[in-house]
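Here's a structure to walk through together, one stop at a time.

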There are 2 protein chains.
Amino acid sequence: MRDCIGILGGMGPLATVDLMRKIIEATPAARDQDHVPVIAYSVPQVPDRLAAIASGDDAPWPWLLAGLRSLERAGAGMVAIACNTAHHWHARLQSETALPILHIADAACDDIATSCAPGSTIALLATPATVALRFYQERLHARGYAVAVPDASQQECVLEVIAKVKAGEVSGARALLEPVCEAMLAAGCHRLLLACTELPLALAESALDTVALDPTAALARSAVARSLAARNDKIRDGHQVVGGFPQPR
Amino acid sequence: MRDCIGILGGMGPLATVDLMRKIIEATPAARDQDHVPVIAYSVPQVPDRLAAIASGDDAPWPWLLAGLRSLERAGAGMVAIACNTAHHWHARLQSETALPILHIADAACDDIATSCAPGSTIALLATPATVALRFYQERLHARGYAVAVPDASQQECVLEVIAKVKAGEVSGARALLEPVCEAMLAAGCHRLLLACTELPLALAESALDTVALDPTAALARSAVARSLAARNDKIRDGHQVVGGFPQPR
């Protein structure tokens with residue numbers, strides 16, 4: 001199904017659910033059938049991505065590839081990866097499949113371009129691996145933004161926030177994250193880029209939500225736009241359509 | 001993966017997300033890898049189940065079967081159906097696959113038996129199709145409970161609540177559902193069985209939540225218990241295990 005969004009997820013599982021919810025919210029729909037098809041592979045046994053990147057080992061790779069193959073067999077028409085850090089393997093996954101794999105930083109930066117003036121300073125809140133891999137900084141610099149990263153103690157705190165969300169302690173995570181965000185705003189940052197899929201969950205009920213930029217939501221909107229375009233292509237190309245929808249098989 | 005929960009969903013998509021969230025909440029976990037693997041097939045184009053059951057046509061069947069086959073190919077080890085009404089096709093789906101397909105009413109009634117005294121009266125809030133199919137009433141009567149169903153105007157209202165949730169209007173849905181629940185409690189019902197996967201979403205932020213019985217949560221707990229048992233079996237049977245988890249493939 002070319003319009004079916006495959007989610008390579010489970011990293012963590014709550015972040016996968018968050019992406020799915022944001023896909024629903026990004027879809028104009030009055031009834032079930034208006035929504036876009038999604039197949040989510042949420043297998044949280046993928047070994048720790050941070051530890052692997054830090055030590056240069058490749059433990060997550062066979063798990064990520066197994067997830068990609070599962071989504072192919074299940075019938076996905078595109079892939080979205082519900083984990084910023086796992087985008088370390090984005091190019092390698094893309095080289096293994098004919099399915100388009102969206103990049104969360106492309107989606108986020110397209111979105112930022114519509115809401116932030118060039119020259120703004122963006123606080124990059126992410127895992128140390130995502131910060132070190134520089135895929136956000138490169139894209140943001142290319143669009144004329146300045147990027148600030150947390151100092152060492154703030155970065156420690158961000159990691160602790162992520163672990164708390166993964167353990168289900170969302171309100172404790174929020175209490176830890178807010179002071180880091182406030183310090184970065186006080187130091188001159190204009191917006192907070194929540195570039196780990198656990199962080200939007202931590203800040204969802206915070207007043208700081210208004211200055212946050214959410215790559216998960218941007219990825220959801222990008223995937224929905226692509227899915228709706230593929231649905232329209234199918235209908236235009238004369239697939240058997242019942243009730244406005246192409247039929248299975 | 002015998003421990004992987006396959007979700008046949010999309011009916012509607014928010015109910016699928018709700019089941020996934022309840023699976024996460026039902027799992028004792030301190031980190032990603034402790035959670036159970038889930039593959040969710042959330043394809044909301046399945047034709048209207050109510051209309052099909054009312055008219056005796058079989059339009060949803062090829063879509064449900066396509067979903068089951070997708071979950072088999074993707075590697076699911078069991079199936080949970082994230083829609084009460086679609087359990088009309090439960091036995092027929094089970095006859096098509098070697099994978100165990102959990103029944104939401106079995107899970108719900110096992111749960112009710114732990115929290116409600118026999119002789120209690122349970123208000124069955126569901127689609128007219130689920131009410132007419134009687135799979136809840138039969139199981140509840142067998143365990144010694146009385147069952148009350150909404151009158152015609154209350155049933156109309158429940159249908160409207162379900163449509164509102166499917167359209168994303170959750171707070172409007174709550175405002176409509178609460179008076180029906182209060183009337184049934186005033187008429188002598190002891191507990192409210194929310195036997196359509198949209199209804200727990202409508203009542204999530206209501207004070208009535210304390211007397212509600214949630215089959216979605218019961219299905220989640222049942223699936224998690226089965227998944228954890230399968231994981232332990234795999235570990236005991238000497239599969240290659242790294243970090244406590246059987247390896248992919």
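Start with A:R21, which touches B:L14 and B:V17 across in the other chain, leaving aside residues up to four places away in sequence. Keep in mind that this is a predicted model. A:R21 lies in helix 1 of chain A, and with a relative accessibility of 31% it counts as partly exposed. Its side chain also makes a polar contact with the side chain of A:E25, at 2.5 Å. An α-helix has 3.6 residues a turn, so residues three or four places apart point the same way. For a sense of scale, pick out A:L192: A:R21 is 171 residues from A:L192 in sequence, and their C-alpha atoms are 21 Å apart in space.

How are the two chains related? Rotate chain A by 180 degrees, with 0.0 Å of shift along the axis, and it superposes on chain B with an RMSD of 0.0 Å. That's the relation of a two-fold axis. Both copies use the same surface, too: 100% of the contact residues of chain A recur in chain B.

Now slide back along chain A to the loop between strand 1 (5-9) and helix 1, where you'll find A:G12. The peptide bond joining A:M11 and A:G12 is cis, with omega at about -10 degrees. Chain B has a cis bond from B:M11 to B:G12, with omega near -10 degrees, and B:G12 sits in the loop between strand 1 (5-9) and helix 1 (13-25) of that chain.

Is A:T197 buried or exposed? It counts as buried, because its relative accessibility is 2%. Its contacts, not counting residues up to four places away in sequence, include A:M11, A:A15, A:C83 and A:I104. A polar atom of the A:T197 side chain also lies 3.4 Å from the backbone oxygen of A:A82.

Let's go to helix 8 of chain A, residues 152-166. Its 15 residues reach 21 Å from first C-alpha to last, close to the 21 Å expected at 1.5 Å a residue. At its start, a side-chain oxygen of A:D151 comes to within 3.1 Å of the backbone nitrogen of A:S153. Among its buried residues are A:C157, A:V158, A:V161, A:I162 and A:V165. The helix's buried residues pack against several elements of chain A, including helix 1 (13-25), strand 4 (121-125) and helix 9 (170-186). Just after the helix, A:G168 takes a positive phi of about 90 degrees.

A positive phi shows up at A:R134 as well, near 65 degrees, and this residue is not a glycine. A:R134 lies in the loop between helix 6 and helix 7 (135-142) of chain A, and it counts as partly exposed because its relative accessibility is 38%.

Which residues touch the most other members of the largest nonpolar core? They are A:Y136 and B:Y136, in a core of 117 residues. A second, separate core has 50 residues, among them A:L65, B:L8, B:A66 and B:A74. Leaving out residues up to four places away in sequence, A:Y136 touches A:I104, A:L124, A:L193 and A:P215, among others.

Our last stop is B:T127, in the loop between strand 4 (121-125) and helix 6 (128-133) of chain B. B:T127 is buried, with a relative accessible area of 4%. A polar atom of its side chain lies 3.0 Å from the backbone nitrogen of B:T130. Beyond its neighbours within four places in sequence, B:T127 is in contact with residues including B:L50, B:Q155 and B:C196.

How values were computed
Residues are numbered from 1 along each chain as its sequence is written. Chains are lettered from A and ligands numbered from 1 in the order in which they are written. This is a predicted model: local features need pLDDT of at least 70, side-chain atom pairs count only at pLDDT 80 or more; totals for chains, interfaces and linings use all residues. Side-chain values use heavy atoms; hydrogens and water are left out. Helices (H or I, at least four residues) and strands (E, at least two) are DSSP runs, numbered from the N terminus. The expected span of a helix is 1.5 Å times one less than its number of residues. Buried means under 20% relative accessible area, exposed over 50%, partly exposed in between (1.4 Å probe, protein chains only). Contact means heavy atoms within 4.5 Å. A polar contact is a pair of N or O atoms within 3.5 Å; within protein, one must be able to donate a hydrogen and the other to accept it, and residues adjacent in sequence count only if both atoms are side-chain atoms. Copies are superposed by least squares on the C-alpha atoms of residues with pLDDT of at least 70 in both. A nonpolar core is a set of buried Ala, Val, Leu, Ile, Met, Phe, Trp, Tyr and Cys residues joined through side-chain atoms within 4.5 Å.
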